[in-house]
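Dear colleague,

Please find the structure below for your files. My notes on it follow directly after.

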There are 4 protein chains.
Amino acid sequence: MNKKLKMGMVGGGQGAFIGSVHRFAAALDSEIELVCGAFSSSPEKAISSGKELGITDRRNYASYEEMFEQEMLLDEAERMDFVAIVTPNHMHYPVACAALNAGFHVISDKPATLDLDEAIKLSKLVNKTNLLFCLTHTYTGYPMVKEAKDIIRQGKLGKLRKVIVEYTQGWLSEAQDESNKQAAWRTNPAMSGISGCMGDIGSHAANLAEYITSESIEQLCAELTSFVPNRLLDDDGIALIKMSGDINGILHASQVATGEENNLTIRVYGEKGGLEWHQQEPNSLILKWLNEPMQILRTAGNNTSISLVNTRIPMGHPEGYLEAFANIYRNFAQAIRAYQQGKDASPQTFDYPGINDGVHGMAIIEGLVKSHQSDEKWFTLNN
Amino acid sequence: MNKKLKMGMVGGGQGAFIGSVHRFAAALDSEIELVCGAFSSSPEKAISSGKELGITDRRNYASYEEMFEQEMLLDEAERMDFVAIVTPNHMHYPVACAALNAGFHVISDKPATLDLDEAIKLSKLVNKTNLLFCLTHTYTGYPMVKEAKDIIRQGKLGKLRKVIVEYTQGWLSEAQDESNKQAAWRTNPAMSGISGCMGDIGSHAANLAEYITSESIEQLCAELTSFVPNRLLDDDGIALIKMSGDINGILHASQVATGEENNLTIRVYGEKGGLEWHQQEPNSLILKWLNEPMQILRTAGNNTSISLVNTRIPMGHPEGYLEAFANIYRNFAQAIRAYQQGKDASPQTFDYPGINDGVHGMAIIEGLVKSHQSDEKWFTLNN
Amino acid sequence: MNKKLKMGMVGGGQGAFIGSVHRFAAALDSEIELVCGAFSSSPEKAISSGKELGITDRRNYASYEEMFEQEMLLDEAERMDFVAIVTPNHMHYPVACAALNAGFHVISDKPATLDLDEAIKLSKLVNKTNLLFCLTHTYTGYPMVKEAKDIIRQGKLGKLRKVIVEYTQGWLSEAQDESNKQAAWRTNPAMSGISGCMGDIGSHAANLAEYITSESIEQLCAELTSFVPNRLLDDDGIALIKMSGDINGILHASQVATGEENNLTIRVYGEKGGLEWHQQEPNSLILKWLNEPMQILRTAGNNTSISLVNTRIPMGHPEGYLEAFANIYRNFAQAIRAYQQGKDASPQTFDYPGINDGVHGMAIIEGLVKSHQSDEKWFTLNN
Amino acid sequence: MNKKLKMGMVGGGQGAFIGSVHRFAAALDSEIELVCGAFSSSPEKAISSGKELGITDRRNYASYEEMFEQEMLLDEAERMDFVAIVTPNHMHYPVACAALNAGFHVISDKPATLDLDEAIKLSKLVNKTNLLFCLTHTYTGYPMVKEAKDIIRQGKLGKLRKVIVEYTQGWLSEAQDESNKQAAWRTNPAMSGISGCMGDIGSHAANLAEYITSESIEQLCAELTSFVPNRLLDDDGIALIKMSGDINGILHASQVATGEENNLTIRVYGEKGGLEWHQQEPNSLILKWLNEPMQILRTAGNNTSISLVNTRIPMGHPEGYLEAFANIYRNFAQAIRAYQQGKDASPQTFDYPGINDGVHGMAIIEGLVKSHQSDEKWFTLNN
């Protein structure tokens with residue numbers, strides 16, 4: 001093993017949920033170490049969060065601008081290699097731009113930006129700087145999701161017909177009080193963007209459908225709803241979709257599906273068979289066949305290589321969300337090492353979600369909102 | 001127990017599937033006996049089928065017209081009490097009219113008729129003759145479906161928000177050959193009506209959603225597809241729906257979901273909780289709550305009385321499809337006995353699907369087809 | 001179809017559970033009609049029960065002795081063909097002997113008799129009279145149990161190694177009050193025999209293991225317990241077992257497994273694969289393979305013929321306990337018809353449990369009790 | 001957060017499975033860093049393994065003896081805090097003794113030693129040195145296992161009656177070839193001890209039963225088998241058990257249950273209810289009640305504090321085996337920090353398996369072998 005890659009972090013301080021998830025994921029394989037951070041938009045909270053995380057004082061920064069400026073001055077052997085952006089959505093774009101302009105690779109929580117315009121501009125900057133950009137569409141990191149993608153790529157299901165992808169949660173079922181920081185920004189358009197539920201989790205569902213099928217959503221017909229009174233953004237959305245390859249389907253997301261936890265599921269049907277995957281039991285992939293018995297593939301079984309390289313332990317030892325997240329980090333870390341050696345480091349080669357996923361994801365979010373506002377049945381995406 | 005009710009049957013001869021299902025369902029409780037029939041539109045096949053079923057020669061009729069005529073001439077103690085119609089769809093209406101005009105109660109396979117116009121006319125005839133009409137929406141016969149309806153009626157889920165109902169099969173995944181009699185008429189508009197998949201099973205799904213929630217579908221936005229080349233009717237359909245009570249949802253049915261068996265499932269979410277039922281494991285009803293553990297109710301558990309009166313055996317002894325079907329028959333038989341005693345025998349009182357379900361079901365089928373053909377997002381139902 | 005077979009019933013009157021189950025099972029296929037009965041040991045209750053069941057007065061008997069005597073006097077075309085015995089255990093033997101001596105075939109609830117001695121004597125009488133005897137080991141009637149047996153018979157699992165069979169219920173978890181008639185006789189040695197739980201449900205579990213594997217339990221090492229104070233018979237038992245064919249395993253039954261319903265499950269492992277079946281979800285048979293994905297076979301799928309002839313409806317339409325029970329009745333009815341035509345009517349040919357299962361079952365119950373009382377590890381069965 | 005604890009490792013070099021698992025588990029929470037190691041009994045392989053793991057040359061030791069000697073000479077701020085022993089079983093004892101004698105805390109893979117005598121001696125040494133010892137009974141690290149223990153401790157199931165614990169795998173179903181290093185030593189008495197399957201996984205199952213119930217196995221009646229020809233140790237074992245608190249039950253483990261992965265399950269029944277946990281779906285805990293619906297508790301739900309402090313992410317984000325393993329490491333790390341501050345650091349306080357579990361576990365393994373060899377039914381444990 002080469003020496004560890006050095007990571008800085010923006011956001012993810014005290015009280016944040018997703019920051020610690022990124023840190024678990026980055027730590028698991030002992031390939032990455034967290035060396036610096038600007039952990040909050042509040043300088044005081046940033047500093048106290050960094051202390052708690054054991055960051056050396058001189059690299060525990062009060063702001064991301066300071067961090068990029070100071071890290072650039074460090075010797076290359078000490079300087080951070082990449083930055084993880086784990087702020088609320090409205091800060092993804094400015095922080096990513098600053099990082100790229102300062103010469104750092106970026107791994108960013110999703111969605112890529114606050115709106116489609118920003119995403120297009122960010123895409124141009126990524127291309128211009130020729131640096132690496134990874135979007136943490138975590139669910140594509142699961143071994144059995146990769147197995148599903150590969151089974152379809154090999155044509156085992158035949159020509160595809162249908163995709164039903166659903167992501168239901170219940171944590172916003174009630175009007176939330178002020179104390180829930182997470183809920184507060186998720187339902188605030190200024191921080192979250194033009195969509196609540198669809199922007200947060202509908203985008204994961206759409207990305208999963210596209211990743212597994214290797215096809216794109218092209219048209220949609222959506223109905224978004226705010227079930228909880230006085231909520232400014234949608235907390236629920238249902239949509240008919242048409243994908244490339246003559247596939248049709250359903251995209252469904254809800255954060256007011258009372259009693260649901262984090263129930264992301266996908267079903268894909270082709271002429272020869274169907275498959276089914278449930279994020280809450282992620283180590284099983286159900287295959288249904290035309291005239292043969294149903295099969296259940298399992299993580300670490302006799303699977304394809306793309307699935308196995310994303311598996312850490314033997315069959316029957318369940319892998320979970322953090323391992324899937326760590327796969328995104330590990331694959332991106334390998335891309336960075338390739339980049340440092342002057343090799344191809346593209347998302348295709350190293351199997352991580354890149355800026356194109358980010359742009360298309362924002363186009364879907366925007367499309368869902370526009371379709372909802374329209375009386376016409378079908379809205380066609382341009383990105 | 002009173003003496004058994006006497007049943008005649010139209011259709012359901014050799015090679016038919018649903019005829020034998022009706023006979024199992026009618027026989028299970030020893031409350032009904034099959035005394036006569038006109039088991040096929042082919043006189044020869046009708047007679048040979050009746051022989052196989054052990055029907056006395058003189059009541060084994062070559063045509064339904066003959067049957068109604070002859071049975072009317074019999075002594076009331078011998079004459080059949082009601083007729084079961086188990087023909088292809090296009091014969092439901094003429095046979096039902098003939099039966100009602102001859103003075104017999106009718107239990108009919110669904111859909112009620114070939115189109116909405118016929119259904120409205122049939123409804124008028126039912127009302128005019130004041131005879132009883134039952135439509136075999138089998139799935140509403142399951143104990144845990146009745147339990148679900150009652151839980152919602154009691155308000156335990158709070159104000160409802162969403163319904164997702166899906167009915168997926170794979171048996172029409174391939175172009176079928178001539179030998180499959182069932183597939184042949186199901187995909188023939190002259191015998192099946194204007195919709196294939198939606199008419200056959202989408203209508204069951206819609207009825208289930210309405211039965212469980214006690215609300216009605218009012219608007220829909222549908223996309224129907226014929227995936228198998230040269231098929232004349234839809235073999236797949238997806239729709240966004242709006243129901244009374246400000247509920248929105250998804251109605252999804254497919255007969256080309258390769259590898260699926262008879263996968264009817266429903267999920268309902270309200271402000272306080274959600275529920276989930278799967279026809280293929282019908283003895284469990286999953287309840288999900290806001291801040292309490294998930295519960296699983298089971299057939300014959302400490303359930304509500306409406307569920308328990310539709311249960312035959314103790315917990316853990318699985319009841320299946322035939323028992324659900326038999327509940328429709330048994331409830332209708334009890335209604336007939338009440339009618340014979342001059343008492344109220346309505347669908348509401350005896351919990352069986354009636355002609356109103358039939359009319360509304362035809363309106364939904366017609367609405368799905370019209371919505372599919374339209375560029376406007378929402379189609380509003382009138383019936 | 002020939003005319004219906006005519007059944008008489010002993011026991012199963014008001015308040016009994018298993019009597020109605022036998023009647024549902026006999027009625028389902030319209031091959032058998034209940035023509036007479038002696039439905040209780042109390043003459044008054046017998047008569048009132050028969051009235052409720054719609055039995056003609058002159059064949060509604062006050063005692064089983066009277067029934068056999070009177071039925072013998074009837075014309076053969078009217079006389080019952082066989083008798084169903086659904087009394088508490090202590091009456092199985094005397095009623096079966098009386099029936100056989102009067103010339104009637106017998107279908108009896110299990111266990112066959114009150115003790116092993118009676119079973120051996122009954123076996124001799126069956127052989128002497130050359131009449132048919134069927135024991136309702138219901139669970140062997142499930143299609144997927146038959147599929148499992150056939151898979152093993154074909155050698156698909158390779159040489160067998162292990163069987164784990166378990167039957168857990170919770171309905172006797174508490175000391176029951178007097179009002180529970182079922183619980184009362186089940187825990188009364190005079191009516192139930194030397195074992196409670198093992199006699200009632202352990203015997204089902206053992207029979208299932210032997211049916212599926214086509215091997216016999218030869219040695220056992222048992223620990224029986226009465227968990228509920230003052231209970232006279234075991235309400236729980238666990239045993240190590242050794243079967244013919246060098247199979248070892250576990251036999252476990254409990255009626256005090258609080259919260260369990262009727263949880264009969266079996267797992268069998270061979271050199272090439274394993275299988276698993278759960279009575280509460282009876283339409284799935286799980287197959288696990290050495291280096292291949294797990295498979296799930298389903299009732300009415302592409303199964304073996306022995307499974308399919310015991311299936312009534314298409315895939316995905318769940319069959320349940322009553323259909324399994326009806327398979328026992330139907331197979332026995334077919335054997336009786338063969339007998340009436342002078343053909344082979346053996347349990348092997350018609351796939352129903354016979355008197356040999358009865359004798360061996362009593363030997364197992366006796367063996368479990370003797371092993372429990374012994375300090376030696378292994379008890380060897382002689383029957 | 002304090003600075004990271006420093007860990008050394010003995011064993012776990014190239015080709016080993018469990019070494020990497022310990023490293024993942026130690027890394028996840030960023031509380032521990034691997035600073036040195038003696039990764040193999042072969043000096044060359046030890047060095048090359050350490051290089052691969054990125055260990056500094058001067059702390060990449062050729063033998064564990066050298067490691068302990070050299071580390072002792074380092075400054076306390078640099079010196080390792082504890083050693084992880086991940087060798088085959090026969091080296092657990094000598095390495096642990098050497099570590100304790102050199103003054104290092106020990107975390108050891110299980111079983112604690114090769115036999116009971118060693119375990120008793122090791123226990124004395126732990127007590128004499130007053131250092132900390134942790135045995136990685138991983139499965140007790142799962143949140144829902146801790147939830148189960150707490151539910152029972154609170155008396156919610158009432159007085160306990162029964163425990164059925166089973167651990168089935170299929171990976172030794174065939175005679176293995178030489179290339180499988182793992183299989184080679186597991187089936188070699190000199191490296192594995194007197195029992196194969198029971199020593200390896202039966203001991204996990206027994207420990208799980210005792211952890212969840214807070215009771216001890218006191219008597220057992222075992223049958224061990226070597227199903228694969230020429231195998232020197234048992235590859236399968238079944239046992240009746242009696243535990244303190246008048247609990248009886250079953251202990252079952254197999255490594256030749258063809259097709260099973262890592263199927264550890266436990267069921268516990270008390271007077272008021274039962275519970276069920278399956279390691280392969282570890283985030284659900286099933287509760288069954290006397291007259292109430294079944295409940296399913298979920299990781300990160302409204303659980304008890306002991307469960308929640310061992311949970312990292314919100315409901316519906318599945319935690320797996322590595323998270324459970326990391327809980328053992330984290331809890332032990334917290335104990336070491338407490339020890340370093342002069343506070344109570346006992347297994348009871350910090351909820352990690354200690355040397356007493358190790359001694360009792362060896363007594364169970366020895367008891368199972370002795371019971372198997374005996375003709376008497378019950379063998380009584382002394383430790």
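**Sheet, helices and chain contact**

In chain D, helix α3 (residues 64-73) lies across β1 and β2 and runs at about 125 degrees to β2(D). Helices (H or I, at least four residues) and strands (E, at least two) are DSSP runs numbered from the N terminus. Axes are lines fitted to C-alpha atoms, for helices over the stretch in contact, and angles run from 0 to 180 degrees between N-to-C directions. Contact between two residues requires C-beta atoms, placed from the backbone, within 7 Å.

This is a predicted model, in which local features need pLDDT of at least 70 and side-chain atom pairs count only at pLDDT 80 or more, while totals for chains, interfaces and linings use all residues. Residues are numbered from 1 along each chain as its sequence is written, and chains are lettered from A and ligands numbered from 1 in the order in which they are written.

Helix α4 (residues 92-102) of chain D lies across β1, β3 and β4 (105-108), at about 160 degrees to β4(D).

The strands belong to an open sheet of 5 in chain D, ordered β2-β1-β3-β4-β5 with parallel pairing; pairing requires at least two DSSP bridges between two strands. Its edge strands are β2 (32-38) and β5 (133-135) of chain D. Strands β1 (residues 5-11) and β3 (residues 82-86) of chain D are joined in the parallel sense by 5 bridges, and Met7(D) stands opposite Phe82(D) in β3(D).

Chain D and chain A each give 31 residues to their contact. On the side of chain D that touches chain A, α1(D) provides the largest share, 4 residues.

Kind regards
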